[in-house]
Structure formats: C-alpha cells, structure tokens
Amino acid sequence: MTETQPDADFEALLTHIKNSRGFDFTGYKRSSLIRRVNKRMQVVSIIGYNDYLDYLQVHPEEFNELFNTLLINVTSFFRDRPFWDYISEEIIPRILASKDSSEPIRVWSVGCASGEEAYTVSMVLADALGVHQFQERVKVYATDVDEEALAHARSATYSAQDIEGLSPVQVKNFFEKNDNRYTFRKDLRRSVIFGRHDLIQDAPISKIDLLVCRNTLMYFNAETQARILSRFHLALRDGGFLFLGKAEMLLSQSAMFTPVSLKYHVFTNVPRLRLGNQLLKMTQQSDDEELSPLSNMVKLRDLAFDNSPIARIVVDIQGSLVLCSEQARNLFNLAIQDIGRPLQDLEISYRPVELRSCIDQAYGDRRTVHLRDVPWQSQHEQIFLDIQVTPLFDAGNQVLGVSINFVEITRYKRLQEELEYANQELETAYEELQSTNEELETTNEELQSSNEELETTNEELQSTNEELETMNEELQSTNEEMQTVNDELQRRSEELNQSNAFLESILASLKGGVIVVDRDLRVQIWNYKAEDLWGIRTEEAIDQNFLNLDIGLPVEQLRNPIRACLSGTSIDGAGIFLPAINRRGRSIQCYITCTPLIGLQGSIQGIIMLMEEQENPPSTS
C-alpha cells in the first residue's frame with residue numbers, strides 16, 4: 001500500500017532528529033509518525049514543522065518529551081497469553097530438543113520497552129529448564145532505542161498493577177516484594193542483558209535461537225521492514241524461530257521465513273543455501289542395433305524429424321544447413337532448396353539471434369548452449385523462443401555438427417506473466433491488509449496509551465481536588481479563627497480609642513501644659529496647652545530630647561530636678577518658678593511641677609511635667 005508522501009518540512013524535521021540525537025525515524029510509517037508529532041506540537045502550541053524544529057533547537061529538553069510520545073511503550077507480562085502458551089508448550093521444547101544439555105540458548109527480545117517481554121521469556125525458559133540450567137545456559141538480549149524505557153527495564157521493579165497478568169505462583173517464584181513494588185529475582189536477572197539497539201542502523205545479534213519482535217515491525221514502512229527482516233534472518237540460527245505480534249505477518253518474505261503457526265505468528269527461518277557444483281546426467285544409447293531395411297529406417301527418421309512439433313535445424317561442421325524440420329521452415333520462411341546452403345547466407349543465422357557465435361561456443365565448450373526468452377516476430381504475432389544449440393558427436397567423440405532446437409514458450413511466458421501479475425496483486429492485497437491491520441493495532445496502542453495517560457491525569461486531578469478540599473476546610477477554619485481574633489482586636493481597638501479619647505479629653509481640659517518624657521528624656525506626650533505655651537507642635541516635639549528643644553524656657557535649669565525625680569529623691573508636689581518667654585514673646589513666670597511616671601511594675605518609666613503660666617509669682621520671704 002502506497003503511503004501519502006509527507007511534505008519537505010516534516011522530512012527536514014526527521015533529518016534534524018537523526019543528525020542531532022541519532023534516532024533514525026525515516027523508516028517509520030509516516031501516518032503514525034505525523035499523528036504522534038502533531039500530538040506533541042499541540043501540547044507546546046506550535047503549528048508548523050519548521051517552527052517545531054526551531055523550538056527543538058532552542059529547547060533541547062523537548063527531545064525527551066518527543067521521544068516519549070513517538071516511542072509508544074505499551075507492553076505487559078505474558079501479553080496475549082494464548083500466544084505465550086504456544087511458545088511454552090510447542091516452541092521451547094523444540095529448541096531444547098535440538099540442543100545438547102550443555103549447549104547455550106540465546107534469545108533476543110527486540111523493542112523490549114520497559115522489559116516485561118524479556119522477563120516473560122525468561123520465566124518461560126526458567127520453568128522449562130529449571131533455575132540452575134537457566135543460569136548456566138540462557139542469555140536473553142533485550143534491546144530498544146528508548147533509553148528511559150531501558151533504565152526502567154534494568155531496574156526490574158514493577159507495581160502491583162504491572163504484574164496483574166501473572167499468576168500467584170509466578171509472582172512467588174520470580175519476584176521479591178518490597179513495600180508495594182515487585183522486583184525480578186536478582187539471580188535470574190543476571191541472565192538478561194539490556195542495551196540500546198537501532199534496528200535500522202545497528203548490526204544484528206547473531207546465533208539466536210528465539211527472536212521475539214512483537215508489535216515493533218508495524219511502525220516501519222514495507223521497505224524498512226524488509227531490510228530489518230533480512231537482518232533477523234542473519235541473526236537466527238538455522239532452524240531458529242521468529243515470534244511476531246498479533247498485527248504482524250510475513251506474507252511477502254517467504255524466501256527467508258516459513259510459517260510454523262500462522263495462528264500464533266511463529267515462523268522459522270529458511271536455511272541459507274550453499275552453492276555447489278551441479279552434476280550433469282548423461283544418457284547413452286546403444287549403437288549396436290541393426291538397421292534393416294536401411295531405406296525404411298532412414299525414411300522413418302526423416303519423417304520423424306520433419307514432423308517434430310519443435311522447430312529444429314541441423315548444421316554440419318562446415319557450417320552448411322543439412323536438416324530443417326517443417327516447423328522451422330514455416331517459422332523462419334525456409335525452403336527445401338535452402339538445405340545444403342551455408343548457414344551464414346541464411347537470415348536465420350542472425351535472426352532472431354546471432355547463431356554463429358552460439359555454435360562456436362557449443363563447439364568450444366562441447367556442451368549445449370541455452371538461450372532463453374528470445375523474442376521473434378512471426379507472421380501473425382510476437383512469440384518467445386527457448387533456443388538450444390547442442391553439439392553432435394560420432395562414436396569417436398568427434399564433432400559432426402550441431403542440432404539447434406527452437407522451443408516456443410509464448411504460452412508459458414504469458415502464463416508466467418499472468419501468474420506474476422496475480423502474485424503481485426495478491427501480495428499487494430496482503431500488504432494492504434497487513435498495513436491496515438498494523439495501523440489498527442498502532443491506533444489501538446495509541447488509544448491504550450492515551451487512556452492510561454488520562455487515567456493517570458484523572459487520579460492526579462482527583463488527588464489534587466481532595467488536597468484542595470482539605471486546604472479549603474483548613475482555610476475556612478483559619479478564617480473563622482482570624483474572624484474571632486479580628487472581632488477581639490476590633491473590641492480592644494474600640495476600648496483603646498475610648499481610652500485615648502478620654503486621655504485626650506483630660507489633657508485638653510488641663511489649664512497647664514503637660515509634657516511627658518521617658519527615662520531618656522525623649523518627649524512622649526505634648527498636649528495642646530504646651531503647643532500654645534511654647535509654639536512647638538506635637539509632631540515636632542514627639543521623640544525629641546526635651547533638653548534640646550528650643551523653647552522660651554531655660555530647660556537647663558530643669559536638669560537637676562528631672563534627675564532627682566528620675567532617681568526618686570525629689571519631694572512630691574514640689575515645683576519651681578522659672579522666668580520664661582511664651583510663644584507670643586511675652587515674659588512670664590512659669591511654675592513647673594515634676595512628677596515621676598510609675599510603670600505597672602512600680603518602676604519609674606519617665607517624668608510628667610506640668611507647666612503653668614504665672615503673671616505674678618509668689619514672693620519669697
């Protein structure tokens with residue numbers, strides 16, 4: 001079946017992949033390749049193949065994702081169980097019967113993916129041979145082009161879902177359980193050798209007894225399949241077996257393989273023939289028969305020759321035509337009068353073929369010269385002839401001349417052409433059927449792979465949804481707690497606002513200025529009366545050192561009373577008069593009272609200074 005030719009951009013993409021990463025996909029079926037590449041391009045939101053090639057050059061990590069999409073690793077233990085039962089019951093015993101008890105057994109698992117198939121054939125052989133014989137005699141070579149799949153295969157570790165196809169006895173005999181994972185027995189694992197191998201580019205492994213290649217050939221086109229199968233033929237020993245997948249047949253490779261079971265897709269290779277010398281059988285006729293009466297015998301001989309159904313002529317050693325049958329006369333327009341003439345003077349000497357060189361060759365080789373499928377245009381149609389130039393010898397083995405037979409094979413030629421055409425049509429129909437079957441199998445595996453991906457994604461989404469629900473409940477609980485804390489903060493804030501408003505009301509109601517400083521003499525409270533008295537706003541005074549304030553009050557004279565108050569040695573209620581200048585520039589007497597600010601623990605946290613303007617200070621006597 002002829003595949004649709006892809007465009008040059010897609011071929012350029014395949015060439016880039018081959019040159020940059022060593023993966024040759026040019027022999028794969030284009031319909032499957034295009035479908036898988038387009039799937040990957042949709043994921044990264046790219047439309048054209050040229051754009052995707054540019055994307056691969058900029059993002060080399062995309063190669064891994066692309067290869068995982070192109071190399072569909074759909075496999076399982078004992079996949080298609082009836083097929084493996086046939087291998088175990090029929091093929092393995094035949095392999096063992098053909099070998100000595102110490103002779104090695106070599107198996108090649110092609111396209112092994114994550115290793116299930118290689119371990120399957122190992123279990124079959126271990127059951128047939130026993131563990132000790134298996135370790136001594138068996139080598140299982142498992143190859144693939146996907147390094148990620150090979151790494152998984154080498155680990156020989158699988159999940160409970162992966163081993164569902166195995167019986168409990170097989171799980172017990174061949175696997176070791178670790179947590180929820182199952183690992184193939186290490187002593188048997190040493191007989192399985194994994195490696196990267198490209199069926200298109202790399203040489204085959206040799207001397208193979210059983211070659212397992214299941215659902216791998218179907219990804220290649222017919223030309224590449226033929227090339228791979230020829231390598232399989234070289235890889236197998238004479239009498240070795242080829243085990244193919246459900247979607248694969250060898251309808252066009254009968255010259256290399258012959259079916260053992262078409263139902264179970266098992267074939268054996270046709271032994272490679274060795275060339276030898278062909279023996280020619282020769283017959284002898286007795287020459288002691290009496291010819292009596294001679295004239296009748298000669299007449300009978302001439303009639304028999306002349307009425308032969310084969311066109312035949314006889315030429316003597318001098319090159320003259322001595323006999324010519326009726327069929328030859330009719331076919332080549334010869335006459336009785338031509339008998340006795342030199343052959344070179346007759347048209348038959350060079351038409352339909354150059355006979356003189358053939359006669360010389362027959363004389364020189366002393367054996368018959370054959371010319372096949374020689375075309376000749378007769379009076380009515382074109383015919384085909386097989387020409388035999390046979391040298392004639394006497395009793396002394398001396399050459400007398402040659403007999404030339406012209407055997408018409410036109411009917412057989414046409415039948416052969418019709419047969420070849422019918423075979424070609426049949427082979428084409430078989431190939432189309434096979435290709436369609438392979439396409440269906442490929443699509444089925446792609447659907448299975450997509451289904452597994454969707455199931456995995458669904459489980460991940462379900463798990464994420466459960467986590468989100470848990471987080472939502474936690475957030476809701478936290479929100480409720482925060483709401484409670486917020487309500488409490490709001491209540492405290494309202495109480496604080498009320499307290500601050502009450503304090504502000506008290507400070508504003510006082511007639512004198514109130515200044516509160518901490519132990520470092522930094523201003524903490526500066527009420528409205530203090531602003532009015534000294535002309536400095538609250539925001540300007542807060543956090544400033546009281547002794548550094550430039551106001552109309554000689555603050556240096558307050559240093560000692562402040563220190564005494566901070567040390568607790570001052571007399572409560574005692575104040576001093578100081579001359580000052582208020583914000584209006586008027587001289588006043590300011591009465592200042594310093595009171596310690598007592599904290600909750602009873603320690604002095606600062607000083608409260610009350611300043612009152614006195615126009616007439618009391619006299620001192």
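1. The term salt bridge here means a side-chain nitrogen of Lys or Arg within 4 Å of a carboxyl oxygen of Asp or Glu. R185 is partly exposed, with a relative accessible area of 21%, and D187 is partly exposed too, at 24%. Buried stands for under 20% relative accessible area, exposed for over 50%, and partly exposed for anything in between (1.4 Å probe, protein chains only).

2. Before you read on, please keep in mind that this is a predicted model, where local features need pLDDT of at least 70 and side-chain atom pairs count only at pLDDT 80 or more, while totals for chains, interfaces and linings use all residues. Residues are numbered from 1 along each chain as its sequence is written, and side-chain values use heavy atoms, with hydrogens and water left out.

3. How many salt bridges does a search of the whole structure find? The count is 26. As background, side chains of opposite charge can pair when their charged atoms come close.

4. One of these salt bridges joins the side chains of R40 and E62, at 2.7 Å from N to O. The pair links distant parts of the chain: R40 sits in helix α2 (residues 30–43) and E62 in helix α4 (residues 62–70), 22 residues apart. Helices (H or I, at least four residues) and strands (E, at least two) are DSSP runs, numbered from the N terminus. Both R40 and E62 are buried.

5. Another salt bridge to look at is that of R584 with D532, where the closest N and O atoms lie 3.6 Å apart. This pair also links distant parts of the chain, with R584 in the loop between β18 and β19 and D532 in helix α16 (residues 528–534), 52 residues apart. R584 is exposed, with a relative accessible area of 55%. Elsewhere, salt bridges that share partners join R35, R36, E439 and E446 into one network.

6. Is N582 buried or exposed? N582 counts as buried because its relative accessible area is 5%. N582 lies in the loop between β18 (575–581) and β19 (587–598).

7. Leaving aside residues up to four places away in sequence, N582 touches L533, I588 and E613 (contact means heavy atoms within 4.5 Å).
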